[in-house]
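Please work through the exercises below with the sequence and the model side by side. Each task is followed by a solution in steps.

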Amino acid sequence: MGETAPRRQTMSDQALIEGTGADWKTWLELLDERGAAELDHAAIARLLMRDFDIDGWWAQSITVGYEQERGLREPGQRSDGTYSASASKTVDVPIGRAFERLADAEAQAGWLGDVELSQRSASPPKSVRFDASDGTRVNAFLSAKGEAKTAVQVQVEKLGSAEEAAAAKAAWKTRLGRYAESF
């Protein structure tokens with residue numbers, strides 16, 4: 001009996017059927033019939049929306065699954081060929097205080113470690129974006145979890161390989177651990 005779901009895709013056939021009316025095997029066949037392996041990411045997503053009248057979220061999900069299954073994209077790889085990684089931590093402080101410790105260059109010295117961040121933009125107290133000294137881009141998102149807790153999620157972009165993504169994830173988990181201990 002053959003596999004119906006792509007080897008590298010995590011979305012189940014059941015979720016796909018509920019959301020789009022077709023399973024992975026069907027979507028892979030339909031895209032192969034239309035020459036999708038020769039198209040870029042955006043063109044595949046547009047084809048799905050145009051030809052099958054599905055919304056953008058499902059088109060993106062199917063496109064990524066197709067690209068992974070056909071060896072056009074590795075897990076964690078973005079459509080531009082780079083990789084990303086993420087890490088998160090919940091801290092026992094209000095969002096404003098968490099934001100200040102994250103965004104302030106002097107405060108970063110106490111927990112950041114071996115990388116320097118240069119702030120690109122901020123939307124206090126919900127997000128802050130940085131260019132990192134290692135050539136990556138770091139985006140931090142904060143979400144209040146009641147009056148005295150904040151979830152902090154860091155996404156690192158512009159990584160060159162899956163190995164770099166795994167290393168960045170581990171490094172940022174460690175950094176966020178130090179960040180949490182700094183309060």
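The exercises go from the chain as a whole to its helices and then to its sheet.

The model is predicted: local features need pLDDT of at least 70, side-chain atom pairs count only at pLDDT 80 or more, and totals for chains, interfaces and linings use all residues. Residues are numbered from 1 along each chain as its sequence is written, and side-chain values use heavy atoms, with hydrogens and water left out.

**Exercise 1. The chain as a whole**

Task: State how many helices and strands the chain has, and which pattern the chain follows along the sequence.

Solution: 
- Step 1. Helices (H or I, at least four residues) and strands (E, at least two) are taken as DSSP runs, numbered from the N terminus.
- Step 2. The chain has seven helices and five strands.
- Step 3. Along the sequence the pattern reads α-α-α-α-β-α-α-β-β-β-β-α.
- Step 4. The C-alpha trace spans about 55 × 35 × 30 Å along its principal axes.
- Step 5. Of the 183 residues, 39% are buried; buried means under 20% relative accessible area, exposed over 50%, and partly exposed in between, with a 1.4 Å probe and protein chains only.

**Exercise 2. Helix H1 and the segment before it**

Task: Determine which residues of H1 are buried and what they pack against.

Solution: 
- Step 1. Serine 12 lies in the segment before H1; its relative accessibility is 37%, so it counts as partly exposed.
- Step 2. Within H1 (residues 13-20), the residues Asp13, Leu16 and Thr20 are buried.
- Step 3. Viewed down the axis of H1, the buried residues fall within an arc of 65°, so they line one face of the helix. The arc is that of the directions from the helix axis to the C-beta atoms.
- Step 4. In general, an α-helix has 3.6 residues a turn, so residues three or four places apart point the same way.
- Step 5. The buried residues of H1 pack against helix H2 (24-33) and helix H4 (56-69).
- Step 6. Glycine 21 follows H1 and has a positive phi, near 90°.

**Exercise 3. The packing of H2 and H3**

Task: Describe how the axes of H2 and H3 cross and which residues make the contact.

Solution: 
- Step 1. Axes are lines fitted to C-alpha atoms, for helices over the stretch in contact, and angles run from 0 to 180 degrees between N-to-C directions.
- Step 2. The axes of H2 and helix H3 (residues 41-52) come within 12 Å and cross at roughly 100°.
- Step 3. H2 is therefore roughly perpendicular to H3, a term for angles of 65 to 115 degrees.
- Step 4. Trp27, Leu30 and Leu31 of H2 meet Ile44, Leu47, Leu48 and Phe52 of H3; contact means heavy atoms within 4.5 Å.
- Step 5. These residues divide into seven nonpolar, no polar and no charged. Ala, Val, Leu, Ile, Met, Phe, Trp, Tyr, Cys and Pro count as nonpolar, Asp, Glu, Lys and Arg as charged, and the others, Gly among them, as polar.

**Exercise 4. The sheet and its helices**

Solution:

Conventions
Angles under 35 degrees count as roughly parallel, over 145 as roughly antiparallel, 65 to 115 as roughly perpendicular and the rest as oblique.
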